[in-house]
Amino acid sequence: MSRAKAPATFSAEDEDYRRAFQLTTLLAILALVLLLGIGTKSWLSGHTEHAIVLWSFATLIAINATIFALLRNLQLHMLGLLAIVVTLFIYLFASGGESNTGPLWFYAFPPLLFYLTSLRLGVIILTFCLVMALVIFQWPELPFVTTEYNTDFKIRFLATVTFESVFCFILEFSRLRVRSRLLELAHSHEQAARTDELTGLPNRRAMHQRLMEEYSRYQRTGHHFSVVLIDLDWFKRINDEYGHDAGDAALKQFAELMREIVRQTDLAARWGGEEFLLLLPDTSLIQALTLAERLRHKVAEAEFHFRDQILPVSISAGVSSITQSDSMNHLLKQVDVQLYTAKENGRNQISPRVKSKPTTTAPDSPPDS
Ligand SMILES: Nc1nc2c(ncn2[C@@H]2O[C@H](COP(=O)(O)OP(=O)(O)OP(=O)(O)O)[C@@H](O)[C@H]2O)c(=O)[nH]1
């Protein structure tokens, strides 16, 4: 049997973090380069004061990045960067920057802001910036305001920035909605790919993945586990005698019985056809044999109804523990051999045999209906 490769698990959170990290880093580098470049240009043009302010902002961004490198706290880095950028914009509104064009840099802000933060925080920060712009435009005599804009510019700037912000909000809102629908869809597809349609139990793929995880845990920590391979006896006969629907009903009812008997930490899966596999973490061979025997007994006692008929259902099972195997493949081969032995010895029994005798022994030929 080939080793199952664990399917890559899709983590939207990891992806979001990676993207936010890349964008914040890019933003910080871009801001740093622009501030240093424009600062130098201002210095060379004789605007010493403006150059010093821009370099100070560049220094703040560099300090913020250094803190991030030390603390590795992306949230803090992002908030620090936003606080610096918002203060820079207020400075640009108030000073006009070079030739009163400073406010124009603000157009780059809304799309980045919504992408980096939540919609709610984005709206709060944008509203704050626009109110600050309005105050500065309206009251140029305020002590920290050193420039004045003409009325046309003020009206057009506020109108276009408001339009851009609303548009970015709608786009980001739609993006988030589509994203969450896609995530839901991906989740339900992943569930379906790991679930057996008839019984609702995890399927062979899901079980393979859990087995490999459990095996790694065993190798790392020594936590042992056992497996039980179960097969419904003379199942072909049930199908032939009572019909395929009756066979399906028996499989479903058996799956229910298994669900009742296993612990939350155990995993019961449909291994294929009329075969089921139980994975029992932290369970010794003796404990697994006891559980398998309890299940066999429960099946033997239960009445499997289909319409007005009672189906003759019994199970055989092989049990094995990882402590007696040297690999996962070996364990699965061993449990298969044990199941074969149980069938060979007359069915309706567990192998290896426990001391107490099984309650009833199935005949070595298909039961008469
Ligand atoms: N109804 C139904 N039958 C299935 C399903 N999957 C497999 N089977 C049937 O299960 C039967 C298995 O038959 P065999 O492998 O010959 O084994 P058996 O009759 O159970 O005999 P032993 O295992 O030797 O006791 C086949 O007839 C398959 O068609 C299913 O999903 N529904």
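Which residues touch the most other members of the largest nonpolar core? In this predicted model, Val228 and Ala317 do, within a core of 45 residues.

## Overall make-up

The chain contains 11 helices and 7 strands. Of its 369 residues, 30% count as buried. Among contacts with a separation of 6 or more, 66% are between residues 24 or more positions apart.

An unreviewed UniProt entry places the feature "transmembrane region" at residues 20-39, 51-70, 76-94, 106-135 and 155-173. In the model, residues 20-39 are 100% helix and 0% strand, with end C-alpha atoms 28 Å apart. Residues 51-70 are likewise 100% helix and 0% strand, and the end C-alpha atoms of that stretch are 29 Å apart.

The largest nonpolar core has 45 residues, including Val228 and Ala317. Leaving aside residues up to four places away in sequence, Val228 touches Leu278, Leu280, Ala288, Ala292, Ala317 and Val319.

An open sheet is formed by 5 strands in the order S2-S3-S1-S6-S7, with mixed pairing. Its edge strands are S2 (267-272) and S7, each of which pairs on one side only.

Burial applies to both faces of S1. One side carries Phe225, Val227, Leu229 and Asp231, and the other carries Ser226, Val228, Ile230 and Leu232.

S1 is joined to strand S3 (residues 275-281) by 7 bridges, and the two run antiparallel. Within this pairing, Val227 stands opposite Leu279, and Leu229 has Leu277 as its bridge partner. S1 is also joined to strand S6 (residues 315-321) by 7 bridges, again in an antiparallel arrangement. Here Ile230 has Ala317 as its bridge partner; Ala317 is also one of the two residues that touch the most other members of the largest core.

## Helix H11

Helix H11 spans residues 328-344. At 1.5 Å a residue, its 17 residues should span 24 Å, and the end C-alpha atoms are 24 Å apart, which agrees. The buried residues of H11 are Met328, Leu331, Val335, Gln338, Leu339 and Ala342. They cover an arc of only 100° around the axis, which puts them on the same side of H11. The face turned away from that buried side carries the exposed residues Asn329 and Glu344.

What do the buried residues of H11 pack against? Their partners are helix H7 (204-221), S1, S6 and strand S7 (350-351). S1, S6 and S7 are also strands of the open sheet.

Not counting residues up to four places away in sequence, Thr341 touches Gly318 and Ser351. Thr341 and Ser351 are 10 residues apart along the chain, and their C-alpha atoms are separated by 6.5 Å. Just after H11, Gly346 takes a positive phi of about 125°.

## Helix H5

Helix H5 (residues 119-138) has 20 residues, which at 1.5 Å a residue should span 28 Å; its end C-alpha atoms are 28 Å apart, which agrees. Its buried residues are Gly122, Leu126, Cys129, Ala133 and Ile136. They cover an arc of only 90° around the axis, which puts them on the same side of H5.

The buried residues of H5 pack against helix H3 (74-95), helix H4 (109-116) and helix H6 (151-193). On the face turned away from the buried side, H5 carries the exposed residues Arg120, Ile124, Thr127, Phe128, Val131 and Gln138.

Key: Residues numbered from 1 in each chain as written. Predicted model: local features only at pLDDT ≥ 70, side-chain atom pairs only at ≥ 80, totals over all residues. UniProt positions renumbered as here; feature names shortened; annotations may be inferred. Helix = DSSP H or I, 4+ residues; strand = E, 2+ residues; numbered from the N terminus. Buried ≥ 20, exposed ≤ 12 C-beta atoms within 10 Å, placed from the backbone. Contact = placed C-beta atoms within 7 Å. Core = buried A, V, L, I, M, F, W, Y, C linked by C-beta atoms within 7 Å. Pairing = 2+ DSSP bridges. Expected span 1.5 Å × (residues − 1). Arc of directions from axis to C-beta.
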